[in-house]
Amino acid sequence: MTVVSSHKDPEALTLTFVAEFDASVERVWQVWEDPRQLERWWGPPTWPATFDRHDFVQGGRSNYYMTGPDGEKARGWWVITSIQPPHRLEFDDGFADENGEPARDMGATHGVVTLEASEVGTRMTAVTTFESVEQLEKMSAMGMEEGMREALSQIDALLAEVRA
Amino acid sequence: MVVESVVDDEADRIFHALADATRRDIVVRVVQQEQSVSTLAAGYAMSFAAVQKHVAVLERAALVVKERRGREQIVHGNLETVRRATRLLQRYEELWRYRVQNISSILSEDREEDREEDRETENE
């Protein structure tokens with residue numbers, strides 16, 4: 001994996017993250033499409049995600065929750081606003097209440113993901129636009145403070161699983 | 001929910017203030033060089049009062065500081081606050097870095113499986 005570039009625009013509140021993977025576009029699309037694969041990477045460190053619902057179609061809804069280190073749950077939702085498999089995905093992502101219904105006062109982020117063939121395999125560009133600071137602050141509160149040390153230990157565990 | 005509540009009014013004001021294109025433009029201008037409200041107003045197709053209102057929103061968010069010099073109101077940027085917005089995005093950037101590493105781990109399992117299949121084929 002190579003992180004090609006990352007660009008923050010604090011005024012427009014967007015983050016553009018570009019990465020390359022040594023796999024086909026169709027294969028990288030699967031990590032978004034298959035909820036069992038998606039939940040292995042979506043949640044922040046120490047907050048793994050579980051997707052109860054994942055309608056990966058235009059207008060489709062996803063429901064998920066992230067489980068924190070003390071067993072607490074943070075619920076979220078997606079609505080797929082545009083989808084062109086296996087190249088482009090647009091979705092809104094927000095926090096949800098106990099019943100999985102969108103917590104409207106929390107706002108949402110809008111994500112645009114594009115996958116294109118590259119020399120390495122696939123170039124993935126993910127643009128996240130924030131509407132609300134609560135979303136950003138709350139996401140930051142979940143596991144981010146532990147920083148990369150935690151993240152690296154989780155990755156080590158995953159790699160050990162692969163070797164086993 | 002035990003999720004720590006970190007929502008704070010100051011951050012909320014910052015992001016609200018920056019949600020408007022004119023206000024973002026004002027911040028960029030005054031961070032580069034301090035300007036009077038009347039100089040700023042001359043640069044926009046809107047009334048002096050409207051520009052003054054935008055400056056007031058930015059001032060409440062502490063993104064700019066306004067001071068009176070004689071008959072002029074001078075506006076300059078508050079870099080500390082702009083940096084705070086950048087720091088929040090920085091943390092989100094770390095999340096994406098982590099996500100991309102996890103995706104790579106998942107993809108590398110395929111190659112591991114391929115190699116195992118190759119070995120099985122060789123053994124046949």
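Predicted model: local features only at pLDDT ≥ 70, side-chain atom pairs only at ≥ 80, totals over all residues.
Let me begin with helix α4 of chain B, residues 48–60, which has 13 residues and reaches 18 Å from its first C-alpha to its last, close to the 18 Å expected at 1.5 Å a residue, where the expected span is 1.5 Å times one less than the number of residues. Helices here (H or I, at least four residues) and strands (E, at least two) are DSSP runs, numbered from the N terminus.

Residues are numbered from 1 along each chain as its sequence is written, and chains are lettered from A and ligands numbered from 1 in the order in which they are written.

Which residues of α4(B) are buried? They are Val51(B), His54(B), Val55(B) and Leu58(B), and by buried I mean that 20 or more other C-beta atoms lie within 10 Å of a residue's own, with exposed meaning 12 or fewer, partly exposed in between, and C-beta atoms placed from the backbone. These four cover an arc of only 100° around the axis, which puts them on the same side of α4(B), the arc being that of the directions from the helix axis to the C-beta atoms. As background, an α-helix has 3.6 residues a turn, so residues three or four places apart point the same way.

Helix α2 of chain B, residues 21–32, packs with α4(B) at an angle of about 70°, their axes 10 Å apart; axes are lines fitted to C-alpha atoms, for helices over the stretch in contact, and angles run from 0 to 180 degrees between N-to-C directions. That makes α2(B) roughly perpendicular to α4(B), a term for angles of 65 to 115 degrees, with those under 35 roughly parallel, those over 145 roughly antiparallel and the rest oblique. The contact brings Thr22(B), Arg23(B), Ile26(B) and Val27(B) of α2(B) together with His54(B), Val55(B), Val57(B) and Leu58(B) of α4(B), and two residues count as in contact if their C-beta atoms, placed from the backbone, lie within 7 Å.

Just after α4(B) comes Ala62(B), with a positive phi of about 65°; Ala62(B) lies in the loop between α4 and β2 (64–69) of chain B, and is partly exposed, with 16 other C-beta atoms within 10 Å.

Turning to chain A, we find 4 helices and 8 strands, and buried residues make up 31% of its 164 residues. In helix α1 of chain A, residues 25–33, the residues Val28(A), Trp29(A), Val31(A) and Trp32(A) are buried, and they fall within an arc of 150° seen down the axis of α1(A), so they line one face of the helix.

Two backbone details deserve a look. Thr46(A), in the loop between α2 (35–38) and β3 of chain A, has a positive phi of about 70° although it is not a glycine, while a cis peptide bond, with omega about -5°, joins Pro85(A) and Pro86(A).

Finally, how confident is the predictor? Chain A averages a pLDDT of 80, on a scale of the predictor's confidence in each residue from 0 to 100. Within chain A, confidence is highest in strand β3 (residues 49–54), at a mean of 96, and lowest in helix α4 (residues 147–163), at 41.
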